[in-house]
Amino acid sequence: MGFATRYVSIALILALFVGTMIDPRLNDAAYLLMFFVIFIVHGAGAISVDHIVARLFEKFLPHLHLSAESLAALPRVVIVGAGFGGISCAAGLRATLLRLP
């Protein structure tokens, strides 16, 4: 029922690896690892804060929700480089995408 469940699960997996390197007696680490991987793959579920926030965004900000059909019609762009030019190009393309009907 948490917020940012997938990101928290990734952080806990990293902490689990560090913990098992420090204390090898943690023999239940494999079970915890499987538990966190399930959260990363499937998310928290329908009653989580993540799911509620996503539904609210779809309801109140439908222009920000892009369906697979609308994304398939858009051209593909690859920006090589992450300097000032690449970042400003990506920001300009994002602003153009958000103005589409």
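Student: Why is leucine 16 called buried?

Tutor: Happy to start there, and keep in mind that this is a predicted model. Leucine 16 has a relative accessible area of 12%, and buried means under 20%, so the label applies to leucine 16. This leucine is found in helix 1, which covers residues 5-22.

Student: Which residues does leucine 16 touch, leaving aside those up to four places away in sequence?

Tutor: Those are Ala29, Leu32 and Leu33. Contact means heavy atoms within 4.5 Å.

Student: Where is confidence lowest and where is it highest?

Tutor: Helix 4 (residues 68-72) has the lowest confidence, at a mean of 71, while helix 5 (residues 84-98) has the highest, at 84. For the protein, the mean pLDDT is 77, and 85% of the residues reach 70 or more.

Student: What makes up the lining of the largest pocket?

Tutor: The lining divides into seven nonpolar residues, one polar and two charged. Of the ten lining residues, Leu74, Pro75, Val77, Leu93 and Leu97 lie nearest the centre of the pocket. Helix 5 gives the largest share of the lining, four residues, and the pocket holds about 290 Å³ of space.

Conventions:
Residues numbered from 1 in each chain as written. Predicted model: local features only at pLDDT ≥ 70, side-chain atom pairs only at ≥ 80, totals over all residues. Heavy atoms only, no water. Helix = DSSP H or I, 4+ residues; strand = E, 2+ residues; numbered from the N terminus. Buried < 20%, exposed > 50% of the residue type's maximum accessible area, 1.4 Å probe, protein only. pLDDT = per-residue confidence, 0-100. 1 Å grid on protein atoms, 1.4 Å probe; cavity = no way out; pocket = protein on both sides within 12 Å on 5 of 7 lines; lining within 4 Å. Points joined across faces, edges and corners; volume = space filled by probe spheres on them. Nonpolar A, V, L, I, M, F, W, Y, C, P; charged D, E, K, R; others polar.
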